[in-house]
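Here is a quick briefing to read alongside the model. Have the viewer open and follow the topics one by one.

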Amino acid sequence: MSISNADSETGTTLSYGVVEGSVDFRGKPSVRSSSGGWRSSGFIIGAEVSEKFAYFGVATNLITYFTGQLGESTAAAASNVNLWLGTAAFLPLIWGSIADSFLGRYRTILFTSSLYILGLGLLTFSATIPSACKDQETLVSCVSQFKVTIFFCALYLIALGEGGFKACLRAFGADQFDEQDPEESKAKSSFFNWLYFAISFGILATRLISNYVQENLSWALGFGIPCVSMMLSLFFFLLGTNTYRFSTGGEVRQGRKHNNPFVRIGRVFVAAAKNRRETSSETLLIPHESSKQFSCRFLDRAAISCDSAEVEEAKAVLSLVPVWMCCLVFGIVYAQSPTFFTKQGDTMDRSISPTLSVPAATLQVFISLSILVFIPMYDRVLVPIARSITHKPAGITTLQRITTGIFLSILSMVIAALVEMKRLKTARDHGLVDSPNAMVPMSICWLIPQYVLYGVSDVFTMVGLQEFFYGQMPIELRSLGLSMYLSVIGIGNYLSSFMVSVIEKATSQPGQVSWFDNNLNQAHIDYFYWLLACLSSISFVSLVYFAKSYVYNSPK
């Protein structure tokens, strides 16, 4: 039990004493005045910034490496990038389960960061392996199979490490704030905003530095810098060990038959199915707040053979599924920036002076810049205004924030489609339709609006998803909660890869040009953008519908 200074009648928690449900690195109860809060989250934010520098140092310009160094087609390269990004974003579901079950977030972070560094080192090594020949006209047949094998092994080792690192680090950072303390509870909402703000600094830096190094100096050096950055990330994380709060998950773990959350949740569903004919009021009315979600009440039948806390866990997860599914289309939209947005820019006028041209991938800095500009505006201007109107701590609910972001992503796709139509018209007007390597006389700056809207939608959707899935999960399943948020991006990338493959096959019939033809002056990426805008509109309407009936597990 906690020995914190609290008023047992009013439940008011003071800002000193022992923090209930957490211990320090020695295993002793955490003291509020010397652990957690912003002092601990500062180390975690530093680690996150360095890690994102490493990750985006590889991811941002990966399609250029595939089409250039490995000689793949545009469609194959986009598919490979989506598959890798999807794997990196989907693996947190597995790592979140491992961390919540037995390994713990801190040890999971240490283990996966080691895999991460190993993968980046191997990736750097693969870039130093020369191709079998230098004949550019037959580049596909000349790429060394050994080089390709090492490259893909390194790439997926990075995904394995990154998947566990990001799932647990953000949950571990949020654990540093005590939800029972009014001030720390408010600070936790700001933590997600400022974490994303700081991350954007790391992403901005790597998009300016790594992209230039990779395309103008050396791919080996361009991959080596992220490797050093990841080592720095681990150093930052370890530096704060003495100040961290380690969540014990409260008392809910006691008496449970299984530690694995997937096993527990699966057990509840099986028990509910077996007891589906049971109509006793004793099993249908479990006195927990989440039972107000009528759609989950059928799980109450599992109470005959399962612990009531396990039933409530399953309800908490099930109630998030409709929101999760509605956001998958946003994951598809999210996958376009490092793939087709970049390939669009490759064909356009990228010169900013007579002697200097910017890499197309560098334009992604406008995503980071828009995030850096808008997050302080959101946290310091919009939230206080909304708070004064709604009287909610965060100003608006997390679902309202997410739906706003999805609406902005629709606008981003519409603008992207219109710009692509303009680019294709310019190519036709200048007789460049049959010249795939020719520069279309249209400034790459035309792409800036879609990047900016993309970034602002991130501020609403991505931060909102983090806070929503973390806050609506039971305490000891919060790594899994953030993993569900990350899996939106993972599944979105898989779906994007699947859509590209299907559309590529369907539109590559004799007598017609593929939407993703290697000659982008003949292709129709604009059709793909319009398709995504339509799907996003359906997603937006569906999410608004579910949001109206959603009951929060705690006041928002």
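How many cavities of 30 Å³ or more does a search of the whole structure find? The search turns up 1. This is a predicted model, so to speak of local features we need pLDDT of at least 70, side-chain atom pairs count only at pLDDT 80 or more, and totals for chains, interfaces and linings use all residues. Residues are numbered from 1 along each chain as its sequence is written, and side-chain values use heavy atoms, with hydrogens and water left out.

**The chain as a whole**

- The chain's secondary structure comes to 19 helices and 7 strands; these are DSSP runs numbered from the N terminus, with helices being H or I of at least four residues and strands being E of at least two.
- Of the 556 residues in the chain, 56% are buried. Buried means under 20% relative accessible area, exposed means over 50%, and partly exposed is in between (1.4 Å probe, protein chains only).
- Take the contacts between residues at least 6 apart in sequence: 79% of them join residues at least 24 apart. A contact here means heavy atoms within 4.5 Å.

**The largest cavity**

- Lining residues have an atom within 4 Å of a point.
- The largest cavity holds about 390 Å³ of space. Grid points are joined across faces, edges and corners, and a volume is the space filled by probe spheres set on the points.
- Its lining has 30 residues, and those nearest the centre are Tyr55, Phe56, Tyr334, Met462 and Ile489.
- Several helices give two or more residues to this lining, among them helix 1 (37-59), helix 7 (145-174), helix 17 (448-471) and helix 18 (478-507).
- Helix 8 gives the most to the lining of the largest cavity, with 5 residues.
- Sorted by type, the lining of the largest cavity has 18 nonpolar, 6 polar and 6 charged residues. Ala, Val, Leu, Ile, Met, Phe, Trp, Tyr, Cys and Pro count as nonpolar, Asp, Glu, Lys and Arg as charged, and the others, Gly among them, as polar.

**The second largest pocket**

- The second largest pocket has a volume of about 690 Å³.
- It is lined by 25 residues, and Thr67, Lys343, Asp346, Pro436 and Asn437 are the closest to its centre.
- Helix 2 (62-68), helix 14 and strand 4 are the elements that give two or more residues to this lining, and helix 2 supplies the largest share, 3 residues.
- The lining of the second largest pocket splits into 6 nonpolar, 13 polar and 6 charged residues.

**Salt bridges**

- There are 8 salt bridges in the structure. Each is a side-chain nitrogen of Lys or Arg within 4 Å of a carboxyl oxygen of Asp or Glu.
- Glu48, Glu51, Lys52, Glu162, Lys166 and Arg170 are linked in a network of them.
- Buried or exposed? Glutamate 48 is buried at 0% relative accessible area, lysine 52 is buried at 4%, and arginine 170 is buried at 4%.

**Strands 4 and 7**

- Strand 4 (residues 348-349) pairs with strand 7 in the parallel sense over 2 bridges. Two strands pair if DSSP finds at least two bridges between them.
- Methionine 348 stands opposite valine 440 in strand 7.

Note on methods:
1 Å grid on protein atoms, 1.4 Å probe; cavity = no way out; pocket = protein on both sides within 12 Å on 5 of 7 lines; lining within 4 Å.
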